[in-house]
Amino acid sequence: MNGIFAVVFLLSAALCLFLDPDAFLPALLSGGQKAAALSLSLLAVYCVWLGFFQVLEESGLAGKLSRALHPFSRRLFRSDDREATYLATSNLTANLLGLPGAPTPLGIKAVEKFCAAGNRYAADMLFVLNATSLQLLPTTVIALRVAAGSASAYDILPPTLIATLLSTLIGVLLVKLTAKRRKK
C-alpha cells in the first residue's frame with residue numbers, strides 16, 4: 001500500500017512540476033499544514049472517546065454492559081467464551097460510536113480467542129460486523145466535516161445509519177447462510 005501511495009505522490013508531483021512549477025512548493029506546504037491540522041482534530045476526537053471507554057472500564061459499567069449483552073453476543077457469535085464475547089462486544093460498541101481505529105486491538109484479541117477455541121463462525125461474524133461497521137454516531141466523519149468547515153456536519157447521520165444498518169444486516173445474513181452451507 002505504501003508503494004501505491006508513493007507512486008501516486010511521485011506522479012502527482014511530476015505532473016505539478018511539469019504544468020506549474022511555481023505552484024509545487026506552496027501546494028506541498030499547504031497540504032502538509034492541512035494534514036497536520038486534520039490529524040490534530042481527529043486525535044482530539046479519539047482522545048475524548050478513548051477516555052470515555054477508559055472511564056466505562058474503570059467504573060465497572062463496561063463489565064455490566066458486557067454481562068447484559070452476553071446472551072445476545074452468545075447467540076450472535078455462537079460462543080460461550082465470556083472473555084472473547086466481551087472483547088467482541090467492546091469492539092462493536094466502539095464501532096457503533098464511529099471509532100473504527102480505536103477498537104482494532106480488541107477485535108484482534110477476540111478473533112484470536114475465537115480461532116484458538118476453533119470457532120471460525122464467530123471470527124467470521126466479527127470480521128463481517130467490523131467491515132460493515134454499523135454506526136449510530138459516525139464521529140470520525142463528523143469531525144472531518146467540521147474540520148473542512150461544513151455548515152451542516154451532522155446531516156450525514158440519517159444516510160450513514162441507513163447504509164450501515166443495511167450493510168450489517170446483509171453481512172450477518174450472508175455469514176449465517178454460508179455457515180449453513182459449510183456444515184453440509
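Reader: What should I know before I start?

Author: The model is predicted: local features need pLDDT of at least 70, side-chain atom pairs count only at pLDDT 80 or more, and totals for chains, interfaces and linings use all residues. Residues are numbered from 1 along each chain as its sequence is written, and side-chain values use heavy atoms, with hydrogens and water left out.

Reader: How many helices and strands does the protein chain have?

Author: Helices (H or I, at least four residues) and strands (E, at least two) are DSSP runs, numbered from the N terminus. Here the protein chain has eight helices and zero strands. Along the sequence the pattern reads α-α-α-α-α-α-α-α. The radius of gyration is 21 Å, well over the 16 Å that the globule rule gives for 184 residues, so the protein chain is more spread out than a compact globule. That radius is taken over C-alpha atoms, and the rule is 2.2 Å times the number of residues to the power 0.38.

Reader: What box do the C-alpha atoms fill?

Author: Roughly 65 × 45 × 30 Å, taken along the principal axes.

Reader: How do I read contacts along the chain?

Author: Contact means heavy atoms within 4.5 Å. Take the contacts in the protein chain with a separation of 6 or more: residues 24 or more positions apart account for 66% of them.

Reader: What share of the residues is buried?

Author: Buried means under 20% relative accessible area, exposed over 50%, partly exposed in between (1.4 Å probe, protein chains only). Buried residues make up 31% of the 184 residues.

Reader: Which residues are buried in helix α7?

Author: Start with the general idea. An α-helix has 3.6 residues a turn, so residues three or four places apart point the same way. In α7, residues 139–147, the buried ones are T139, T140, I142 and A143. Seen down the axis of α7, its buried residues fall within an arc of 165 degrees, so they line one face of the helix. The arc is that of the directions from the helix axis to the C-beta atoms.

Reader: What follows α7?

Author: G149, whose phi is positive, near 85 degrees. Further on, D155 sits in the loop between α7 and α8 (157–183). D155 is exposed, at 52% relative accessible area. D155 and I142 are 13 residues apart in sequence and 9.0 Å apart in space, C-alpha to C-alpha.

Reader: Where is R78 found?

Author: In the loop between α3 (61–77) and α4 (82–96). R78 is not a glycine, yet its phi is positive, about 50 degrees. R78 counts as partly exposed, at 37% relative accessibility.

Reader: Which residues does S73 contact?

Author: Leave aside its neighbours within four places in sequence. S73 is then in contact with R78, T85 and T89. S73 lies in helix α3 and is buried, with a relative accessible area of 3%.

Reader: Is N95 buried or exposed?

Author: Buried, at 4% relative accessibility. N95 is in helix α4. The C-alpha atoms of N95 and L129, 34 residues apart along the chain, are separated by 9.2 Å.

Reader: And what about K34: buried or exposed?

Author: K34 is exposed, with a relative accessible area of 61%. Its place is in helix α2, residues 21–59. K34 and L126 are 92 residues apart along the chain, and their C-alpha atoms are separated by 35 Å.

Reader: How many positive and negative side chains are there?

Author: Lys and Arg count as positive and Asp and Glu as negative; His and the chain ends are not counted. The protein chain has 17 positive and 10 negative side chains. The centres of the two sets lie 16 Å apart, with each charge placed at NZ of Lys, CZ of Arg, CG of Asp or CD of Glu.
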